[in-house]
Amino acid sequence: MFLEQDRAKGNQIAGPMSLDQDPFRWVFLSDVCKHCEEAGCLEACPTGSIVRTEVGSVLVQNDVCNGCGYCVVSCPFGVIDRRPAPLPDSGGAFKCTFCYDRQKSGLVPACAKVCPTESIVFGRLDDLRARGAERVQQLQQSGYNDAQLYDPTETSVRGIHAFFLILGEPEAYGLPPKPQIPTIYLKSAWTSAFATAIASIIATLLAFAFFS
Amino acid sequence: MTTNSPSEKRLEELREQAWKEGVVAGRGVDVAGGPIPSKPGYYGQPVVKPPVWTWEVPLYFFFGGIAGMSAVIASGALIFHHVDLAREAMWLAAISGGILSPILLIMDLGRPHLFLNMLRVFKHRSAMSMGAWILSAFGACAVPGLIALELHTHQIFPGTLDQLLRLAAGTFIFGSAIFGTLLATYTGVLIGATTIPAWFLHRTLLPIHFGTAGLGSAAAVLELLGYRIAALNFLGFYAAAVESALLIWLSVDKHGVADRAIHEHGSGWLIRIGEVLNGPLALILRFFGLVPLAAISFLIGALVSRFGWIAVGKVSGSDPESVFAAERY
């Protein structure tokens, strides 16, 4: 799935200019779950509530989640949160489900179905990536030099299942330029923890051995 | 605003362009309060989500640290035959690690009644999962260890049974010390391995800080309970010295915009106040022999800095510029 802006409605795309020249460029903010290839929330979840489904999406099993909140700070895209109080089943983690229920019935996700400009497209990842690349080329040829696909395959996230065709830098769309899965920080943090553990034991033994 | 300012130049440029070409290209100038906001990212919207954790979590970090390191002190005391101190330390470990910590953790959950789901899986790549298992293992060692030690001390059972209790007390208490060191330090890993810039940039410092603050706090509580012995005083010196070094480390190891939540805002003040109280101030007070004051200073500092780190997470996670800047490291 990806989002692009090919059918100009109301002339959102003002012209082939870079972002700093054109203050009226149409940008968007999408809180859709990116369904990362390596998902930070899935790794962080201590209950096993967050799983990878057979369609490749990342899903929160609502009945298992106990609302510890660790996935919230483990998502590099900030798309998962605790369900706030007035909503039913509040307290548990919630995010875009990739319309798992619809996909199981052979239907496309609701956002792709409803989008009037067909900017949101659903399909096989390979097809979409090819289509996206083709469209980027097309745009660049017609003067949109800063057109690019936002699909961070080079970072520890290793690619996303909901990617975007954007003009200009990802920052303007609230997208992190180099999203990382936080498990890459575990090694140095645990090393430090073990070193502290050993130092504390040694300090305690020394304290009693020499000062009592 | 002077006649040389960039906006003045840009306006003159536009005027010239309009005069010559009859049409202008590009944008004009930004004025204060103007209609086009120039905020970082998407109109200043957070890129990652700040932590949802409330006061229970920093308080748990505080009590978990005390509990874990009390078990270490208890083990040291047992080895060197300070049985009274070992008993007191195990009471401290069992109450704060076996009762207070689980209560605080469960209170913080969005759905407290599902807390047992924490033990549904074992995931070594999730610090939260490891923490749940560490806390459980700690409780399962500290509480039986305390009971066995008390029964043995009061000679409730005769002969062989008492010898067995002595063995059980030793085994469980040493076990609780091992899990205790992890209980006091894993919390640093927990917040260090996240997407919050000010946290993950200091993932090496955090376990040292939390673990050492735990050791110093455990010693401080025991001193305030009346155990004014040289061994605990040494641990107080050690912890305050390490915390002072960490204060220097934090003020040297700056990452500019990426971790400005630590150096600016109210969150920065909480960190600084906490670190001064459990670092240099505790060290100086102890140096002049003012042990109870040093102990109180250290405890308040350890507590304040735990709240400070959670506050830092909230500020840093809401700041899109920090997220962008941190990704350049």
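Guide: In this predicted model, a careful place to start is Phe98(A), which is buried, since its relative accessible area is 7% and buried means under 20%. Phe122(A), by contrast, has a relative accessible area of 30% and is therefore partly exposed. The ring centres of Phe98(A) and Phe122(A) are 6.1 Å apart and their planes stand at 70°, so this pair is edge-to-face, given that planes over 60 degrees apart count as such. Because Phe98(A) sits in the loop between strand 5 (93–94) and helix 2 (100–104) of chain A, while Phe122(A) sits in the loop between strand 6 (120–121) and helix 4 (125–141) of chain A, the pair ties together parts that are 24 residues apart in sequence.

Over all chains, the structure holds 15 aromatic pairs. One of them joins Phe28(A) and Phe164(A), whose ring centres lie 5.8 Å apart with the planes at 45°, so that this pair is tilted. Phe28(A) belongs to the loop between strand 1 (2–3) and helix 1 (40–44) of chain A and Phe164(A) to strand 8 (residues 163–167) of chain A, so the pair ties together parts that are 136 residues apart in sequence. Phe28(A) counts as buried at 15% relative accessibility, and Phe164(A) counts as buried at 1%. Ring pairs also link Phe28(A) and Phe164(A) with Tyr173(A) into a cluster.

Definitions and conventions: Residues numbered from 1 in each chain as written. Chains lettered and ligands numbered in written order. Predicted model: local features only at pLDDT ≥ 70, side-chain atom pairs only at ≥ 80, totals over all residues. Heavy atoms only, no water. Phe/Tyr/Trp six-rings, centres within 6.5 Å; stacked < 30°, edge-to-face > 60°. Helix = DSSP H or I, 4+ residues; strand = E, 2+ residues; numbered from the N terminus. Buried < 20%, exposed > 50% of the residue type's maximum accessible area, 1.4 Å probe, protein only.
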